[in-house]
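User: Please take a close look at one part of this model, the sheet, and then set the helices beside it.

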Amino acid sequence: MPDEQLTLFEEGEQPLAARLRPRNLDEFAGQKHLLGEGKVLRRIIESDRVGSMIFWGPPGVGKTTLARIIANKTRSTFIDFSAVTSGIKEIKQVMEQAEKSRRFGVRTILFVDEIHRFNKAQQDAFLPFVEKGSIILIGATTENPSFEVNGALLSRCKVFVLQALKTEELAELLSNAIKDERGFGGQKIDIAPETVETIAAFANGDARSALSTLEMAVLNGDMDGGGKITVTKETVEQCTAKKSLLYDKSGEEHYNLISALHKSMRNSDPDAAVYWLARMLEAGEDVLYVARRIVRFASEDIGLADSKALEVAVAAYQACHFIGMPECSVHLTHAVVYMAMSPKSNSLEVAYMRAKKDALETLAEPVPLVIRNAPTKLMKELDYGKGYKYAHDYEDKLTDMQCLPDNLVGKEYYTPTDEGLEGRYKTRLNEIKAYKKSLSRDQ
């Protein structure tokens, strides 16, 4: 419903995150891919061509704030609507109000937080009003809108993906909060840059969490006789329940820990893998970074020995993207234990590195004419595709057609192992090679 009025608290006693809510695009932190100079969303807002849209992203990246900035920039009535507490009755009441405003030439921006919590009937209630322009709908969701928003409604909205803030962006936000008069600018705050970095790292991309942690740390800081408040690393650790686990994500310890996780999984040690995973997550490591490394591991160290490992890894990455920490810790645990327990093969990594070496040395080697595409008459006259054998036209779906450049004929890059399911691919590959040799002998 409409903006909440201050009652029990004066403005100065609001939480830090509320006091520092950005008032315009220049104060907005992050999302440079959308709001940087010349970027698509910024152009839409500044030219006042705002239409219905969905903001999809993790918590604390500014979905609500951005909607408010849009409403102020475009001089529209802003209605804040919660999918948690509102039903169809409330929707219709708001729609009637918006329709009356439209008749007087006043646009209404209806911001629906957690729009994925609305059921189909509730989402459908918005449709006619979106279609005739009674409202500009801005929905916010942490879930994939492709699955959580009705197709009819989604087709009428532009989806913008908001990203978790980078550590350096959060650090800048915190530094500004210390200087800004709306924040702690009127107080003497002594806090080291590395301590600010620690808070930024702990927030894991969430601006609201970063500001809340800073506020708690300042409130629990040591004040001297002159009124200066000192915030130490120990103060931050107490406020976040984190000890010396916190580390610099760009430093040596970052790489030591990811190396420990990778090598524990490679060594088929699930206990060690889960331990190193916990060390990183509890230290505030970016969960998507960890998930990406696990996806890499699934093909680099397991590959065709168990192709399902890649499915598990990608699913874990998606789960981390959808729900974030702390809930996604169990999904990453699922993934690292699966990786540790799977049969191991690095044959795909070896195959690519062998092929890469030859590729770099033969970049000018022409593609054999037989496997070139021939979409034009001229190309056909130049023998592009001449002699091509369409595998599906042959009994065993196999031919002896040459696919490598002339000077690489006979080279072998992929050498399967006997590990896990890859043993089946080894048998299959040997059968293919034997069959092709027999075809060559028969000609």
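Which strands form the open sheet, in what order, and what kind of pairing do they have?

Analyst: This is a predicted model, where local features need pLDDT of at least 70, side-chain atom pairs count only at pLDDT 80 or more, and totals for chains, interfaces and linings use all residues. Residues are numbered from 1 along each chain as its sequence is written, and side-chain values use heavy atoms, without hydrogens and water.

The open sheet has three strands, ordered E6-E8-E7, with mixed pairing (strands are DSSP runs of E, at least two residues, and helices of H or I, at least four, numbered from the N terminus; pairing takes at least two DSSP bridges). E6 and E8 (residues 229–231) run parallel, joined by three bridges.

Now the helices. H4 (residues 63–73) is mostly covered, with eight of its eleven residues buried (under 20% relative accessible area, 1.4 Å probe, protein chains only). Lys63, Thr64, Thr65, Leu66 and Ala67 are among the buried residues, as are Ile69, Ile70 and Ala71. Arg75 follows H4, and its phi is positive, near 55 degrees.

H16 (residues 287–302) packs against H17 (residues 308–323) at about 175 degrees, with the axes 9 Å apart (lines fitted to C-alpha atoms over the stretch in contact; angles run from 0 to 180 degrees between N-to-C directions). On H16, contact residues (heavy atoms within 4.5 Å) include Leu288, Ala291, Val295 and Ile302. H17 contributes Ala309, Leu310, Ala313, Val314, Tyr317, Cys320 and His321.

How values were computed: Buried < 20%, exposed > 50% of the residue type's maximum accessible area, 1.4 Å probe, protein only.
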